[in-house]
Amino acid sequence: MIITLVLALALAACGGGNNGGSDNAGSGGSNTSNSQNGGGNSGGNTGGDAGGTEEPQIEEGAQLLVWDNSDAEFEWAQYVAEEFTKRYGIPVTVENVNHTDAPGKLQTDGPAGLGADVFLAPHDHTGNMAAAGLILENFYSDEIINEHIDAAITGGSYDGKLFGYPVAVETYGLFYNKDLADKAPETWEELFEAAKAFNDPANQKYGFMYEVGNFYYDFAFIGGYGGYVFGAGNTDPNDLGLNSDAAVKAAQFVKRIHDEILPIKKEDITYDIKDSLFKEGKILFQINGPWAAAGYRDAGVNFGVAPLPKLDNGERPTSFSGIKSYYVNAYTKYPEAASLYAKFAASKEMQLKRFEITGQVPTLKSLSDDPTIKNDPVVSGILEQAQYAIPMPNIPEMQTVWGPMASAFSLIWNEDIDPKQALDDAKKQIEDAIQLMQ
């Protein structure tokens, strides 16, 4: 497979749910980069598209607050802040606010003047934030659009306007224990056969496991059978495809997984349980994302990553992809400095450093041939699946989908509820919620 082609085409289909271990919840610190207090460089641009040849007119006395995740991502954010300060003389403080919590926190802190100037957020919150007037349009849209993969642009856009400054893309694939399986299965029938031979539920050994009832993962089967969430490329909330024939077929397939190879309750399939069993060599195949790779390496697991196997229609399941982007707070006192910072964080130098520190896949097309990235087996496996991935819808109405669809798949799994009835009920709940928003 040619990685260049993958990055150029991957995820071009259209645009937190939860994505496993990438939320990085937990306590963090803050870091103020050591620098002289100054106003940065001045130049000719005062907004709009910057073209990259002139520095913007930075506000006098600018100083920035940035929100980012903890752990490795926080380390990267500190590095970016320090390098930005060295280059532009603008002090930057980094605080730990989970990227999935930042949009909600901004709703109150933004208007109060307490919010970060720049913050990390998952792309599926873009619509809500833009519609509420919480974020500024991307000042460097032409440059960003030309340099980043299509999915990163789609994910960070709303109503035809780009808001996000993308720094990473992620989706999930099939992780497998290479000490227990010679290769990854090409089809689900092959996976079922291998899983049945490996299964020993009495001793907590399972041939396959995934987090059923987490729609971030459940959707892959709906998409693989030709289904969708919203019509018109996931932009039309009045066209819901979640109880279509394709969705019903997907739900029936998930029920088959339960009946034939994973006959345990949904509550016994948490991320932590799955993660622990895989490290112990008790899971043959599982669905996970690149955020899990470092932990498996540290645990000494000999694992591989491959695209999700083909369904009986010959198609791959269409995993959701997520874009992590920086956004600029609409209430910032320093919009030029903040926008310049977000652009700097999305640059080639900073994205390569992010990959080195976090292992997260960059969104820049120019990094597709970098040996550090191209030769990484985890990234190559994820990028192969990325060809079939679909960015999570980012319109505000998507927030009404997660709960009802999680409940529908949980009921189908645990209670043997008729898939069509469960999906019909979920669709009605979503339609009612969307009507309240309008």
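Mentor: In this predicted model, Phe208 has Phe285 of strand S11 as its bridge partner. In general, the strands of a sheet pair through backbone hydrogen bonds, in either a parallel or an antiparallel manner.

S9 and S11 belong to an open sheet of 4 strands, ordered S9-S11-S8-S12, in which the pairing is mixed. From one strand to the next, the twist averages 15°. Helix H7, residues 188–198, packs on this sheet and touches strand S8 (173–177), S9 and S11. The direction of H7 makes about 135° with that of S9. Helix H11, residues 271–279, lies across S8, S9, S11 and S12, and runs at about 140° to S11.

From H2, the contact draws on Ala72, Glu73, Glu75, Trp76, Tyr79, Val80, Glu83 and Arg87, and from H14 on Glu349, Met350, Lys353, Arg354, Ile357 and Thr358. By class, these residues of H2 and H14 comprise 6 nonpolar, 1 polar and 7 charged.

Side chains of opposite charge can pair when their charged atoms come close. The structure holds 21 salt bridges, and one of them joins the side chains of Glu73 and Arg354, with an N to O distance of 2.7 Å. Because Glu73 lies in H2 and Arg354 in H14, this pair ties together parts that are 281 residues apart in sequence.

H2 also meets helix H13 (residues 335–345): their axes come within 10 Å and cross at roughly 120°. The two helices are therefore oblique to each other, and H2 passes H13 in a right-handed crossing. The H2 side of this contact consists of Trp76, Ala77, Val80, Ala81, Glu83, Phe84, Arg87 and Tyr88, while H13 supplies Ala337, Leu340, Tyr341, Phe344 and Ala345. The contact of H2 with H13 divides into 11 nonpolar, no polar and 2 charged residues. Trp76, Val80, Glu83 and Arg87 are listed in the contact with H14 and also in that with H13.

A further pair is formed by helix H17 (residues 402–415) and helix H18 (residues 419–437), with axes that come within 9 Å and cross at roughly 165°. This angle makes H17 roughly antiparallel to H18, and the crossing is right-handed. Pro404, Met405, Ala408, Phe409 and Ile412 of H17 face Pro419, Ala422, Leu423, Ala426, Gln429 and Ile430 of H18 across the contact. The residues joining H17 and H18 comprise 10 nonpolar, 1 polar and no charged.

Methods. Residues numbered from 1 in each chain as written. Predicted model: local features only at pLDDT ≥ 70, side-chain atom pairs only at ≥ 80, totals over all residues. Heavy atoms only, no water. Contact = heavy atoms within 4.5 Å. Nonpolar A, V, L, I, M, F, W, Y, C, P; charged D, E, K, R; others polar. Pairing = 2+ DSSP bridges. Axes fitted to C-alpha atoms, helices over the stretch in contact; angles between N-to-C directions. Salt bridge = Lys/Arg side-chain N within 4 Å of Asp/Glu carboxyl O. Parallel < 35°, antiparallel > 145°, perpendicular 65-115°, else oblique. Left-handed = near helix turned anticlockwise from the far one by under 90°.
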